[in-house]
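Here is a friendly walk through one chain, for a reader who likes distances and angles. Have the viewer open and follow along from helices to strands to rings.

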Amino acid sequence: LRGSRQQLLFGSQPPKPLRVNAGITSLAAQTNGGSTATPQQKEEMECLAQMLERQNPCAAPTASPSLLDGEWDQIYTDNPIGITFGNGRMMRRKLRGPFTGRVTQLIDTSAASAQYRQRIQTRAGLLRGELRVDVSATSPSTWAVRFDHFALKVLRVPVLRRSAAYEGTWTHTYVDATTRIMRTQRAGAEGAGFMFILRRRR
């Protein structure tokens, strides 16, 4: 760890989640949400994420709607394709042409079939892209995931809808009232997959 984040290696062990989260926020801002992260900064964020994961207070997040459900801002990812801005509190990514939008995840597991949406929306909602995803719990921490479709709206009027081809697993490795870490793996893909860090918006 570098700078003020080095202090997390000393003092009380394990480090308090509040201090780790402060380090994550700082590094997410420095790396523009992960889009400009150097290999060293990626390793540092991985170290911070693991500090939280070792203290995960929720053993069964897929069975804990009070923690999962709601709207989450994506603040960091090591899959930076399309990310144009990040300040440690939210991020923006390319949407259509010159337009970029805030990246949020919306989860509702109270329905008979769990609902997950990822939304990219410009300021004032002029342009909104939304990915609909089918999810089903396969373990206390993991979803089996299949993308359904992507829709684009202008002033809430649908202008485009297309199918989206993706299947994989998403594992919630840390969930508390304000922070969520999710690790994803595409079906049939090799390697470690990707990490996403999110903060509750509401």
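Helix α1, residues 17-30, has 14 residues and reaches 20 Å from its first C-alpha to its last, close to the 20 Å expected at 1.5 Å a residue. Please keep in mind that this is a predicted model.

Which residues of α1 are buried? They are V20, N21, G23, I24, L27 and A28. These residues cover an arc of only 160° around the axis, which puts them on the same side of α1.

The buried residues of α1 have several packing partners: helix α2 (39-53) and the strands β1 (70-77), β2 (83-86), β10 (179-186) and β11 (194-200). Just after α1, N32 takes a positive phi of about 55°.

What does N21 touch, not counting residues up to four places away in sequence? The answer is L52, T179 and R199. With T179 there is also a polar contact: the two side chains are joined at 3.4 Å.

Helix α2 has 15 residues and reaches 21 Å from its first C-alpha to its last, close to the 21 Å expected at 1.5 Å a residue. Its buried residues include Q41, E44, M45 and L48, and A49, M51, L52 and E53 are buried in α2 as well. What covers the buried residues of α2 includes helix α1 and the strands β1, β9, β10 and β11.

Now for the strands. β5 (residues 115-121) is where R119 lies. Strands β5 and β6 (residues 127-137) pair in the antiparallel sense over 7 bridges. One of the residue pairs to look for is I120, whose bridge partner in β6 is G129. The hairpin of β5 and β6 has 5 residues between the strands, and in this hairpin A124 takes a positive phi near 70°.

β6 also pairs with strand β7 (residues 142-154), again in the antiparallel sense, over 11 bridges. There, R128 has K153 of β7 as its bridge partner. A hairpin is formed by β6 and β7 too, with 4 residues between them.

Is R119 buried or exposed? At 13% relative accessibility, R119 counts as buried. Leaving aside neighbours within four places in sequence, R119 is in contact with R102, V103, T104, L106, R128, G129 and E130. L106 is 13 residues from R119 in sequence, and their C-alpha atoms are 7.6 Å apart in space. With E130, the side chain of R119 makes a polar contact, side chain to side chain, at 2.8 Å.

## The aromatic rings

A pair of aromatic rings is described by the distance of the centres and the angle of the planes. How many aromatic pairs are there? The count comes to 5. In the pair of F147 and W170, the planes stand at 75° with the centres 6.1 Å apart, so the pair is edge-to-face. This pair links distant parts of the chain, with F147 in strand β7 and W170 in strand β9 (residues 167-175), 23 residues apart. The rings of Y166 and W170 have their centres 6.4 Å apart and their planes at 50°, so the pair is tilted.

| Residue | Relative accessibility | Class |
|---|---|---|
| F147 | 17% | buried |
| W170 | 6% | buried |
| Y166 | 13% | buried |

Terms used
Residues numbered from 1 in each chain as written. Predicted model: local features only at pLDDT ≥ 70, side-chain atom pairs only at ≥ 80, totals over all residues. Heavy atoms only, no water. Helix = DSSP H or I, 4+ residues; strand = E, 2+ residues; numbered from the N terminus. Expected span 1.5 Å × (residues − 1). Buried < 20%, exposed > 50% of the residue type's maximum accessible area, 1.4 Å probe, protein only. Arc of directions from axis to C-beta. Contact = heavy atoms within 4.5 Å. Polar contact = N/O pair within 3.5 Å; in protein donor to acceptor, adjacent residues only side chain to side chain. Pairing = 2+ DSSP bridges. Phe/Tyr/Trp six-rings, centres within 6.5 Å; stacked < 30°, edge-to-face > 60°.
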